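Have a look at the model first, then read on.

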Amino acid sequence: MTEHYDHIIKGGTIVTMDDSMRVLQDHFILIRDAKILGILPLAELSKYKAEELTDASGCLVIPAMINAHSHLPMTYFRGLADDLPLDKWLGEYIWPLEAKLIDEDFVYHASLHGAGEMLKNGISLTFDMYFHSEKIVEACSQAGMRVNVSSAVIEREEGMDYRLFERDMLLLEEFCQAYPLADCSLAPHAIYTCSEKLLKTLAGYAAKHDWRIHMHLSETRAELENCLAQHGKRPLDYLADIGFLDSRCLFAHGVWLSPKECELLGKSRSAIAICTDSNLKLASGFAPLKDMLEHQTAFAFGSDGVASNNNLDLLEELSTTAKLHKALNSDPAFLPAREAFAHVTSAAAEALGLDHLLGSLEPGKAADICLVEQRNLQSSPCYNPYSQLVYAMGSHQMRDVMVAGAWAVKDYQLCNLDESTLLEQAEFYKQRILKEIGK
Ligand SMILES: [Zn+2]
């Protein structure tokens with residue numbers, strides 16, 4: 001009897017990213033109910049039928065990528081204030097504009113734009129931190145993308161009722177339950193925007209409810225020096241003493257981590273989201289990748305917001321990071337392409353505790369799959385698919401992107417969003433922003 005499936009993707013070069021790092025030719029992928037059910041040799045194809053058959057000839061077939069740190073609603077700030085240090089950039093541009101402009105509509109439309117951009121770049125899940133998280137969930141779900149949202153907790157005045165943060169997070173958790181592609185984390189914004197008392201309270205809530213914590217950490221030298229002056233400890237040591245490492249944490253940046261802090265992280269369930277492009281552009285520095293690898297610190301890659309990056313392109317992050325650290329370590333063998341690519345797929349999923357679902361193409365995992373077109377000058381000839389992905393290809397080569405068994409991008413076009421409407425909205429908000437800053 002012929003078995004029926006939702007989708008079959010046949011041919012191409014399947015880069016599984018499974019434990020044996022198998023790369024398969026002349027195979028096909030069986031998909032049903034949003035999951036991969038089998039990867040079999042093409043000779044057996046006649047035994048199976050599907051609603052839809054996609055030919056992946058001439059493509060690399062890869063797991064969709066995971067973005068470990070973003071601020072989707074900042075998409076409309078792209079290129080607005082470049083070439084500035086972080087404190088000036090935040091204090092003089094981003095925060096004043098956010099205070100005046102950010103409302104639910106802004107967040108929703110900017111998130112739709114950012115989600116469309118990420119999907120077209122082969123990203124199926126992002127860990128986002130911002131405000132109005134419900135609108136980000138709605139936008140990403142409409143785009144057909146996974147998102148883990150978190151509402152940034154910032155202590156704006158003394159005497160705040162901390163219980164509100166617990167209540168808001170419980171409400172957000174309940175809200176996300178209605179969206180199969182969405183989840184949430186608790187997000188103390190940073191050690192410099194929350195008091196010790198608040199951080200202790202939030203760590204307690206995270207432990208009590210088993211919430212993931214998503215937080216900025218050790219992004220700049222100033223953050224490190226202020227922490228040493230105020231608390232006599234480095235930032236991660238400070239957080240560890242408050243009880244943060246009892247929970248699963250995702251720390252964005254980690255630029256100024258010491259080898260000892262890397263070791264402490266390596267023994268925890270927590271991970272770093274490395275944001276090389278953003279850190280380089282704001283001249284904050286770069287994460288100590290050699291120390292992190294030596295101490296088995298779990299890490300993934302994040303784009304950060306486009307206001308500081310200025311794109312949402314993980315292949316570019318890999319290329320920049322690999323080359324930067326080869327040069328820094330005077331070692332061309334440092335972070336080989338295969339290992340680098342794992343940190344946006346299999347190793348990223350593992351770092352984030354999602355390897356039961358994402359990060360590789362194998363039976364039982366979610367059908368989050370990209371078909372990357374190789375029949376072009378930029379990708380020929382191909383001796384090694386990992387080398388192609390990290391050093392040669394561009395994210396614009398993602399031809400088709402599937403998330404949870406449904407196409408979100410097909411033949412380079414977004415399936416669930418109208419790109420011309422996204423462009424019109426971007427222009428509309430650009431005019432609002434220019435008016436606000438008096439230009
Ligand atoms: Zn950030």
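## Overall build and domains

The protein chain holds 15 helices and 21 strands. Keep in mind that this is a predicted model. For 439 residues, a compact globule would come out with a radius of gyration near 22 Å, and the protein chain's 21 Å agrees with that. Along the principal axes, its C-alpha atoms fill a box of roughly 70 × 45 × 45 Å. Looking at contacts with a separation of 6 or more, 75% are between residues 24 or more positions apart.

| Domain | Residues |
|---|---|
| domain 1 | 3-63 + 357-414 |
| domain 2 | 65-351 |

The domain centres, taken over C-alpha atoms, sit 29 Å apart. Where they touch, 24 residues of domain 1 are in contact with 29 residues of domain 2. On the domain 1 side, helix H14 (385-392), strand S19 (398-403) and strand S20 (406-410) each give two or more residues, with H14 supplying the largest share, five residues. By class, that side has 18 nonpolar, five polar and one charged residues.

Now for the helix pair. Helix H2 (residues 104-120) packs against helix H3 (residues 133-143) at an angle of about 35°, and their axes are 8 Å apart. The crossing of H2 and H3 is right-handed. Among the residues making the contact are Val107, Leu112 and Leu119 of H2, plus Ile136, Ala139 and Cys140 of H3. Sorted by class, this contact has nine nonpolar, three polar and three charged residues.

Technical notes: Residues are numbered from 1 along each chain as its sequence is written. This is a predicted model: local features need pLDDT of at least 70, side-chain atom pairs count only at pLDDT 80 or more; totals for chains, interfaces and linings use all residues. Axes are lines fitted to C-alpha atoms, for helices over the stretch in contact, and angles run from 0 to 180 degrees between N-to-C directions. Helices (H or I, at least four residues) and strands (E, at least two) are DSSP runs, numbered from the N terminus. A crossing is left-handed if the near helix is turned anticlockwise from the far one by less than a right angle, and right-handed if clockwise. Two residues are in contact if their C-beta atoms, placed from the backbone, lie within 7 Å. Ala, Val, Leu, Ile, Met, Phe, Trp, Tyr, Cys and Pro count as nonpolar, Asp, Glu, Lys and Arg as charged, and the others, Gly among them, as polar. The radius of gyration is taken over C-alpha atoms; the globule rule is 2.2 Å times the number of residues to the power 0.38. Domain bounds come from an automatic or database domain assignment.
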